[in-house]
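Dear colleague,

Please find below the structure that I am handing over to you. I would be grateful if you kept it open while reading the notes that come after it.

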Amino acid sequence: MIFGTAGHIDHGKTTLTRALTGVDTDRLKEEKARGISIELGYAYLPSQSDGHVLGIIDVPGHEKFIRTMASGVTGIDVALLVVAADDGVMPQTREHLTILQLLGVRRGVVALTKADRADAQRITEVEGEIRALLAATPFAGAPMFATRATDPGDPGVAALLAHLRALEASLPARDEARLFRLGVDRVFTLSGQGTVVTGTALAGSVAIGDSVVLAPSGRQARVRAVHAQNRAADRGLAGQRLALNLAGVAREDIERGTWIVDPRMGACSERLDVDLQLLDDAGAALKAWSPVHVHIGAAHHTANVVPLDAEQLQAGQRGRVQLVFEQALHAVPGDRFVLRNAQATQTIGGGVVLDPFGAARKRRSPARLAWLDALAAFVDDGDAAPLLRASASGLSGAELVRLTQVPLEWLALPPDTLRLPLPGGDTLLVDPAMLAPLQDKVLAVLADFHARQPDEAGPELWRLKRMAAPDASDALWSGLTARMLDAGTLARTGHSLHLPGHSVALSAPEEALAARLLPALQAGRYDPPWVRDLAKTYNVAEDAVRALLRKLARAGQLSQVVPDLFYHPAPLAELAHIVAGLPDVQAATFRDATGLGRKRAIQILEFFDRVGYTRRVRNSHMLRPQVSWQ
């Protein structure tokens with residue numbers, strides 16, 4: 001169990017920690033000289049029976065060190081609210097209590113310190129103040145212990161310690177099924193051992209030899225040694241204070257707020273969509289691009305607020321907003337955060353992360369808001385199935401793992417979930433119900449296309465995507481059309497897609513001429529004859545040849561690369577396969593691979609760009625994901 005102190009400066013948090021554990025957590029020279037805590041302090045107390053270890057995080061009480069306090073209480077099990085009997089409730093008592101609530105801490109114990117400095121009447125008054133302060137919070141009714149921490153053998157300290165031990169035994173086990181995450185609150189170097197980080201493990205487990213990733217930098221490291229609850233261990237678990245000796249990274253690569261995570265959790269974003277509750281005394285409303293300070297995990301960042309549900313969020317209101325940061329950061333759905341004003345002088349609210357990968361565009365679209373609804377439901381109940389139902393384009397396996405923190409093979413997904421292959425071995429997961437409206441749209445678009453252009457077989461695959469489903473992912477589009485072709489609701493002629501009953505009819509003379517022209521174009525392979533050459537060879541008017549070849553192209557039996565130059569499907573497929581086999585497709589490399597001239601090579605590559613087989617990036621032509629030439 002980890003518990004963290006909270007309370008006003010000079011109310012005896014460090015003295016009480018020393019009385020409970022025997023450890024003086026003020027380790028810095030400046031802390032000794034000034035008599036106040038500046039940095040986080042850590043102490044541990046072994047259990048007397050079961051071998052478990054209680055951990056305590058002692059936080060600074062001064063208002064200037066709120067960011068340090070917030071980083072210290074993230075991930076604690078129980079809050080130890082410390083109030084001096086002589087002073088009573090003070091400003092940081094209230095602010096620390098607010099921060100505890102915003103960060104989702106729900107269990108608390110109250111230590112009434114310095115009881116030797118107040119008479120019985122004063123102690124009764126302060127107890128009443130504390131009960132009134134806690135009445136509207138999750139800590140209402142929390143047990144209260146009057147202590148004299150400077151007195152050896154104080155019965156109040158002994159009673160408090162006995163209560164903490166009993167509380168540890170009653171806490172539910174942490175969820176270890178999720179992937180490992182630890183927020184770094186301290187980093188240092190030990191001679192002969194290298195870089196060491198400490199923090200509270202928020203999820204999962206880590207063992208000696210495991211590979212981990214530093215987020216957001218993406219640097220990889222290997223766990224060389226583990227200390228759990230101040231003891232050497234082979235494995236560290238969720239809910240424990242861990243010290244990890246990391247190989248492969250330097251002290252300078254890590255700072256407070258860095259995350260140590262399972263490699264599958266390394267992706268980061270500059271935008272978080274969150275559910276935000278502003279405090280009643282938050283002051284001015286938050287409008288678009290209002291600057292704020294954000295405390296999340298052990299990290300402190302500045303961000304700008306973009307309201308999602310309304311134009312602004314007033315004090316006391318709750319709503320969804322997007323937090324836009326200057327640099328990428330790590331978070332998961334359900335992470336708690338604290339918001340302070342632009343001057344970092346006042347806590348104004350806090351809330352829960354919904355989408356750690358907020359959209360840069362269409363933030364307020366109905367689809368986006370429905371997606372946030374699904375994420376909010378997932379945060380509440382842990383069911384991942386609604387996420388698939390709310391994602392019209394499906395979710396990649398890696399993305400779903402990143403959102404749920406659970407390995408894909410452990411997720412309980414509906415048995416009819418479609419699994420479409422993605423590049424790199426990933427999988428696109430799709431709720432079949434999401435395909436029905438998309439399929440209906442494809443059929444409607446094709447019906448309209450055939451009505452307007454009856455002499456054309458139909459659009460090519462990626463042209464049809466632009467017409468029917470421009471926002472769908474390439475993987476989803478490829479999977480949808482493949483299913484429709486297999487089911488017979490869609491037909492293909494050459495590279496043209498069309499309704500099964502649609503065809504382009506040729507007259508008898510056109511059929512006869514086509515029977516001569518098509519073999520000639522196929523025989524020309526990579527350099528087929530132009531319209532004028534075919535007209536001269538077969539003694540047919542150029543206009544007649546041109547009209548027929550265009551009709552055959554519309555029917556999907558040929559492809560027009562440039563005006564008056566048509567390619568037969570067979571050699572064009574060979575050229576497409578050459579493109580797929582080149583490591584870097586540029587005009588020169590394609591020219592050399594095909595033996596064509598530079599001008600013709602450019603014409604063919606531009607054709608592949610036009611039909612959606614490739615896309616041009618500077619001087620290269622990149623094969624599109626999920627594309628195959630058929």
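Predicted model: local features only at pLDDT ≥ 70, side-chain atom pairs only at ≥ 80, totals over all residues.

Residues are numbered from 1 along each chain as its sequence is written, and side-chain values use heavy atoms, with hydrogens and water left out.

Val261 belongs to strand S15 (residues 259-261), a strand being a DSSP run (E) of at least two residues, numbered from the N terminus. Val261 is buried, at a relative accessible area of 0%; buried means under 20% with a 1.4 Å probe, protein chains only. Beyond its neighbours within four places in sequence, Val261 is in contact (heavy atoms within 4.5 Å) with Phe180, Arg181, Val212, Val213, Ala215, Gly266 and His330.

A cavity is a set of points, on a 1 Å grid over the protein atoms alone, where a 1.4 Å probe fits but cannot get out; its lining residues have an atom within 4 Å of a point. The volume is the space filled by probe spheres set on the points, which are joined across faces, edges and corners. There are 4 cavities of 30 Å³ or more. The largest cavity holds about 130 Å³. It is lined by 12 residues, of which Leu461, Trp462, His495, Ser628 and Trp629 are closest to its centre.

Yours sincerely

Note on methods
Helix = DSSP H or I, 4+ residues; strand = E, 2+ residues; numbered from the N terminus. Buried < 20%, exposed > 50% of the residue type's maximum accessible area, 1.4 Å probe, protein only. 1 Å grid on protein atoms, 1.4 Å probe; cavity = no way out; pocket = protein on both sides within 12 Å on 5 of 7 lines; lining within 4 Å.
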